[in-house]
Amino acid sequence: MAGTASPEAPAYLRTLGLITYPLYLTHNVIGAAIIRALVDAGLDATSALWIALGLLVLVCWFICAKIEPAVRCALMQALAHFGKLPKRQPASRRPALARGLHLPLPVPVKVNVATS
């Protein structure tokens with residue numbers, strides 16, 4: 001049957017799929033910086049482009065394989081911690097900073113507007 005994907009894609013296709021978003025986010029700034037550095041070093045633009053593309057794929061793989069899992073783990077721990085917050089205490093038992101700054105309430109002011 002044509003057009004049917006296997007339920008288990010090869011690992012390299014999954015990895016390529018996972019690096020697409022970091023590549024989307026970084027290609028403009030990091031890619032341009034790499035190309036500029038290579039061209040300033042004396043490479044022609046075509047070679048600089050291909051080398052930059054290879055380096056950018058490696059950077060994005062590193063982001064995908066090392067940085068994203070660490071950030072995801074930290075976020076999951078933070079979200080799990082927020083799920084265990086205690087119930088709200090009465091105002092008299094809250095710490096001083098949680099009770100507010102005790103600023104005076106605004107006073108309504110009457111303004112006379114001259115009509116012409």
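Which residues are buried in α2? In this predicted model, the buried residues of α2 are P22, T26, G31, I34 and L38.

## Overall make-up

The protein chain contains 3 helices and 0 strands. Read from the N terminus, its elements follow the order α-α-α.

Of the 116 residues in the protein chain, 11% are buried. The chain exposes about 10,400 Å², and carbon and sulfur atoms account for 68% of that area. Taking contacts between residues at least 6 apart in sequence, 52% link residues at least 24 apart.

Helix α2 covers residues 20-40, a run of 21 residues. From its first C-alpha to its last the helix reaches 28 Å, which is close to the 30 Å expected at 1.5 Å a residue.

Just after α2, G42 adopts a positive phi of about 115°.

## Helix α2: buried positions and their cover

P22 and T26 are among the buried residues of α2, as are G31, I34 and L38. Here a residue is counted as buried when its relative accessible area is under 20%.

Key
Residues are numbered from 1 along each chain as its sequence is written. This is a predicted model: local features need pLDDT of at least 70, side-chain atom pairs count only at pLDDT 80 or more; totals for chains, interfaces and linings use all residues. Side-chain values use heavy atoms; hydrogens and water are left out. Helices (H or I, at least four residues) and strands (E, at least two) are DSSP runs, numbered from the N terminus. The expected span of a helix is 1.5 Å times one less than its number of residues. Buried means under 20% relative accessible area, exposed over 50%, partly exposed in between (1.4 Å probe, protein chains only). Contact means heavy atoms within 4.5 Å. Accessible areas come from the Shrake-Rupley method with a 1.4 Å probe; for residues, only the protein chains shown count as cover.
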